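Hi everyone, thanks for making time.

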Amino acid sequence: MAILITGGCGYIGSHTCIEMIKAGYDIVVLDNYYNSKPEALNRTRELAGKDFPFYECDIRDAEGLRRIFKENKIEAVIHFAGLKAVGESVQIPLKYYDNNVNGTVVLCQVMAEMGCKRMIFSSSATVYGEKNPSPLTEDMEIGGCTNPYGRTKFMIEGILSDLCVSDPEWSVVLLRYFNPIGAHESGRIGEDPNGIPNNLMPYVSQVAIGKLARLSIFGDDYDTPDGTGVRDFIHVVDLARGHVKATDYALAHTGAEAVNLGTGTGYSVLDLVNAFKEANGVDVPYVIVDRRPGDLGAVYSDPSKAASLLGWKAEKGLEDMCRDSWRWQSQNPKGYAE
Ligand code: NAD
Ligand code: WQD
């Protein structure tokens with residue numbers, strides 16, 4: 001029996017493939033390479049030390065999915081495939097609803113048809129919306145998302161929960177990620193954004209390597225200790241290990257469970273910049289600019305449910321995240337393009 005990993009060539013997916021294989025799972029990977037490159041797959045196979053089947057396939061292609069299920073014995077799906085650029089989702093919402101929401105519906109239809117009813121889904125802290133205060137707990141009411149991307153995650157959580165109510169054989173773990181950063185400690189795989197990064201850590205790394213002149217820090221007048229935004233940064237390898245624990249759980253239970261994957265500790269943008277400089281001995285010039293529309297002051301998790309339900313806890317600290325992000329960036333200044 002194997003676990004199908006959709007979006008397995010992406011940033012979080014590639015790290016998860018390695019941790020799943022390390023934990024003894026057989027995996028099958030699917031990706032349409034919309035936001036990833038074949039080189040990520042080559043390196044993931046190399047780091048895993050084991051080959052696994054790969055299908056270049058879109059999750060909206062029901063016939064392509066059927067073939068994967070027919071050619072492999074799939075007992076559960078870890079579902080990463082999706083579009084994730086917040087700003088872009090405001091410009092082209094239909095593309096996001098089609099890819100993320102429709103894609104997940106097609107995937108679930110084929111899964112049900114093939115008798116595979118276990119899914120670990122990549123949700124996001126963004127489903128908590130603007131109103132809930134941190135630390136965020138899974139029992140808080142979700143919704144009130146500020147952009148179409150966030151709404152796709154909110155809608156998919158609802159769809160998957162409805163599915164579990166309709167059919168008690170379904171088992172779904174909704175993993176709400178906080179801010180994944182860092183890279184595999186080998187420096188061989190990591191986050192490879194297209195164009196100018198939207199997220200903080202890839203931006204900081206590209207400033208440090210001289211590709212971008214300086215970081216713009218979006219606001220220093222939030223109600224936080226130093227005025228800059230506070231986030232729950234989590235090392236991508238810790239996050240990947242959370243998927244191993246969630247898979248163990250989904251194979252042994254039914255019903256839907258939402259689980260936060262974060263460290264529970266909030267660090268500010270300036271904390272991260274200073275930790276990055278110190279851990280790596282590099283300079284990161286910055287300038288304070290206006291707040292970015294839609295941003296919140298402090299967002300961090302209460303990770304206790306992940307500990308009690310899954311037996312998972314983040315182990316890596318901010319220094320590891322900064323060191324590993326820089327190793328990836330400095331060893332691969334052009335990402336996977338080289
Ligand atoms: P990523 O873009 O690196 O990986 C997603 C992968 O899915 C890519 O390889 C892409 O080519 C593939 N894909 C997209 N649409 C597809 C489709 N229709 N069919 C097949 N493959 C498709 O993103 P990531 O950072 O690894 O994120 C993985 C998941 O986690 C996403 O669903 C994302 O929304 C979610 N998430 C990410 C973050 C984050 O900050 N990175 C935070 C919360 C949630
Ligand atoms: C972090 C902090 C910025 C860039 C986003 C999505 C969320 C989730 C994770 C997918 C904030 C500040 C950033 C920069 C800055 N993704 N910042 N200068 O916004 O917390 O979350 O990614 O689900 O849905 O919204 O992450 O890395 O963009 O920002 O000052 O150039 O860094 O204002 O305080 P965010 P981020």
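Let's take the sheet: in this predicted model, 7 strands line up in the order E3-E2-E1-E4-E5-E6-E11, with parallel pairing, and the sheet is open. At its edges sit strand E3 (54-56) and strand E11 (255-261), each pairing on one side only. On average, neighbouring strands in this sheet are turned by 15° against each other, direction ignored.

Strand E6, residues 171-177, runs parallel to E11, and 7 bridges connect the two. If you'd like one pair to click on, Val172 has Ala256 in E11 as its bridge partner.

Which residues have the most contacts inside the largest nonpolar core? They are Ile5, Met20, Ile27, Val173 and Leu175, in a core of 42 residues. Helix H8, residues 236-252, supplies the largest share of that core, with 7 residues. There is also a second, separate core of 29 residues, and among its members are Leu30, Val106, Phe121 and Ile156.

Do zoom in on Ile5 for a moment. Leaving out residues up to four places away in sequence, Ile5 touches Cys17, Met20, Ile27, Val28, Val29, Leu30, Ile78 and Phe80.

Is Glu19 buried or exposed? With a relative accessible area of 6%, Glu19 counts as buried, because that value falls under the 20% cut-off. Beyond its neighbours within four places in sequence, Glu19 is in contact with Val237, Ala240, Arg241 and Val244.

Thanks, and I'm happy to turn the model around for anyone.

Notes
Residues are numbered from 1 along each chain as its sequence is written. Chains are lettered from A and ligands numbered from 1 in the order in which they are written. This is a predicted model: local features need pLDDT of at least 70, side-chain atom pairs count only at pLDDT 80 or more; totals for chains, interfaces and linings use all residues. Side-chain values use heavy atoms; hydrogens and water are left out. Two strands pair if DSSP finds at least two bridges between them. Helices (H or I, at least four residues) and strands (E, at least two) are DSSP runs, numbered from the N terminus. Axes are lines fitted to C-alpha atoms, for helices over the stretch in contact, and angles run from 0 to 180 degrees between N-to-C directions. Buried means under 20% relative accessible area, exposed over 50%, partly exposed in between (1.4 Å probe, protein chains only). Contact means heavy atoms within 4.5 Å. A nonpolar core is a set of buried Ala, Val, Leu, Ile, Met, Phe, Trp, Tyr and Cys residues joined through side-chain atoms within 4.5 Å.
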